[in-house]
Amino acid sequence: MLAHDRRHAFGPWVFAAAAAYFLLHLYNILYMLAEPENPAILVWRFSGSMGLVPDAMPLVAALPVAAIFALDWNSGFAVPAVLRSGTRRYLRSKIIAACVGGGLAPLLGRLAFLVLLHILYRGDIAMAAEMFGSEGAMGVAFTGMAGYIGYFAAALAVQFIAGAFWALAALAFSAFVPNILWTVCLPLILHRLLLEVDSWAGLPDWLNLSLLQDMETTLDFAPSLLVAVGVFGVLSVAAAVLFYRRGKRRLTYA
């Protein structure tokens, strides 16, 4: 990864986006702060499935790094950077930066929220087990400590993969329309469009990216994790290839 892109992928905007994501989760459960007897996993579930969190996640992922190509193009930095590093290395660096920065922002935000929940809430998980049972991905959390840790680890991993996709989708768009504002907003628009398509077509819930990114489909733990990795992985590769081809063409005729 080029030094210029590393500063974006690990820079202050990543932590600012993560902090905003953390605050959104916290806002969703303010009414539960006076109920410390609740199990942390129950509050976690409510925080992710309510309010602005699912809709805001694509924006959180896109803010830190999605516009890095548009920024370079509009500032005139892209062409001299390509002359120094080569087209392939330059474009690969953008893709890696988008993956890392886009994945880290939601991952860090949710990880901080998870830590806070286990400080504030120490209740027994029996209430959550009775409410959710063995259905869905959360069911594994009630099978023992290994399952409990495994569920949260998988949920955070899926957040990283989903965030990487949303950032790559915006990056691919920027190769066609290098407008910074449109690039950052593209994941929000795409997310809403996909939800409308899902509602209209009646697709299975594991193709609902909003549910899939939070592992809230009806699938069990292992299938839910595999499907999430597969769906977001395929979409990420498609977005990366699209950006690479269009970006290479744009730079060739710059």
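Trainee: Which element gives the largest share of the nonpolar patch?

Mentor: Patches are made of residues with over 30% relative accessible area and no salt bridge, where nonpolar side chains (Val, Leu, Ile, Met, Phe, Trp, Tyr) are joined within 5 Å and like charges within 9 Å. Here α7 supplies the largest share of the nonpolar patch, four residues. The model is predicted, so local features need pLDDT of at least 70 and side-chain atom pairs count only at pLDDT 80 or more, while totals for chains, interfaces and linings use all residues. Residues are numbered from 1 along each chain as its sequence is written, and side-chain values use heavy atoms, with hydrogens and water left out.

Trainee: Which residues form that nonpolar patch, and what is their accessible area together?

Mentor: Accessible areas come from the Shrake-Rupley method with a 1.4 Å probe, and for residues only the protein chains shown count as cover. The patch consists of Tyr-27, Leu-30, Leu-33, Leu-111, Val-115, Ile-119 and Leu-120, together about 640 Å². Leu-30 sits in the loop between α2 (12–28) and α3 (40–49); helices are DSSP runs (H or I, at least four residues) and strands are E runs of at least two, numbered from the N terminus.

Trainee: Is Leu-30 buried or partly exposed?

Mentor: Buried means under 20% relative accessible area, exposed over 50%, and partly exposed in between (1.4 Å probe, protein chains only). Leu-30 has 44% relative accessibility, so Leu-30 counts as partly exposed.

Trainee: Which residues gather in the patch of positive charge?

Mentor: Lys and Arg count as positive and Asp and Glu as negative, leaving out His and the chain ends; a charge is placed at NZ of Lys, CZ of Arg, CG of Asp or CD of Glu. On this surface, Arg-6, Arg-7, Arg-88, Arg-89, Arg-92 and Lys-248 gather in such a patch. Two or more residues come from each of α1 (3–9) and α7 (87–120), and α7 gives the most, with three.

Trainee: Now for charge pairs: how many salt bridges are there?

Mentor: Side chains of opposite charge can pair when their charged atoms come close. The rule is a side-chain nitrogen of Lys or Arg within 4 Å of a carboxyl oxygen of Asp or Glu, and the count comes to six. One of them joins Asp-5 to Lys-94, with the closest N and O atoms 2.7 Å apart. Asp-5 is in helix α1 and Lys-94 in helix α7, so this pair ties together parts 89 residues apart in sequence.

Trainee: Which residue besides Asp-5 and Lys-94 belongs to their network?

Mentor: Asp-72 meets Lys-94 in a salt bridge (2.5 Å, N to O). Asp-72 is buried, at 2% relative accessible area, and Lys-94 is buried at 0%. Shared partners join Asp-5, Asp-72 and Lys-94 into one network.
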